[in-house]
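Consult the sequence and the model, then work through each solution in order.

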Amino acid sequence: MRNRLNTSYGILGVCIFLGLWILGYTLGESFIKAKTMDRVVTVKGLAEKEVMADVVLWPIDFKVAGNELSEIYSNLERDNGRIIEFLKENGIESSEITISAPTIEDKMLYQYDNNVAAFRYVATQTVTVYSTKVDKVYTLTNKIGELVKENIALGNSNQYGTTTDYIYTKLNDLKPEMIEMATKNAREVAEKFAKDSNSSLGKIKSANQGQFTITNRDQHNPQIKNVRVVSTIEYYLVD
């Protein structure tokens, strides 16, 4: 009887030992795998593309001065008509032109000293071109100064007009291609890192598309845009 008990205890001890050994081995393997999966490399992939703006917004300011309101409105109408005529002569259509209401400043309201203004009233009006004819409008922004020779007092910011906005509206068409370019660039960088560290590149752990930016290529050619995106991708490294 005692021998049987001893035998049973022996078998039980062996089973417990084997169970603990298998459990330890399994946990060890899991730990090693977990540590291996913790090895990652984070890289950034860049994609850039040069494009032409496809819409232009061009406000043309002009001023007239005088001492009589009737004279002011008459001169506004005259200069307004001449600016529109100039635009149409150069290929801009009526549907692409809008005219704002004029603003009139009475200089006598702000006269706090003995200096007398040459003209009591100064009026400002804006003719705006909104067009897809980007190249044509860009040429006209450098040509409209000819109207100064006809005594039309154009605004003087950004040469002869107010700030001209060149807009690129087709970003969604570019996104798939540029994200692919950025991802490819990021993978090339990651593969180089893995090779240098005697590892292999594994699967993607996480990825951030990044934010697209559109800027002027340079200050002299605002109609040419630079589209840019930087994607951040995290890869696993494996031995």
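**Exercise 1.** Classify Tyr166 as buried or exposed, and then characterise the aromatic pair in the structure.

*Solution.* Tyr166 has 8% relative accessibility and therefore counts as buried (under 20% relative accessible area; exposed is over 50%, partly exposed in between; 1.4 Å probe, protein chains only). The model is predicted: local features need pLDDT of at least 70, side-chain atom pairs count only at pLDDT 80 or more, and totals for chains, interfaces and linings use all residues. Residues are numbered from 1 along each chain as its sequence is written, and side-chain values use heavy atoms, leaving out hydrogens and water.

The structure holds 1 aromatic pair (ring centres of Phe, Tyr or Trp, the latter by its six-membered ring, within 6.5 Å; planes under 30 degrees apart are stacked, over 60 edge-to-face, the rest tilted). The ring centres of Tyr138 and Tyr166 are 6.2 Å apart and the planes stand at 65°, so the pair is edge-to-face. Because Tyr138 belongs to helix α3 (residues 134–141) and Tyr166 to strand β7 (residues 165–167), the pair ties together parts 28 residues apart in sequence. Helices (H or I, at least four residues) and strands (E, at least two) are DSSP runs, numbered from the N terminus. Tyr138, at 22% relative accessibility, is partly exposed.

**Exercise 2.** Determine which residues of α3 are buried and how they are arranged around the axis.

*Solution.* The buried residues are Val134, Val137, Leu140 and Thr141.

How values were computed. Arc of directions from axis to C-beta.
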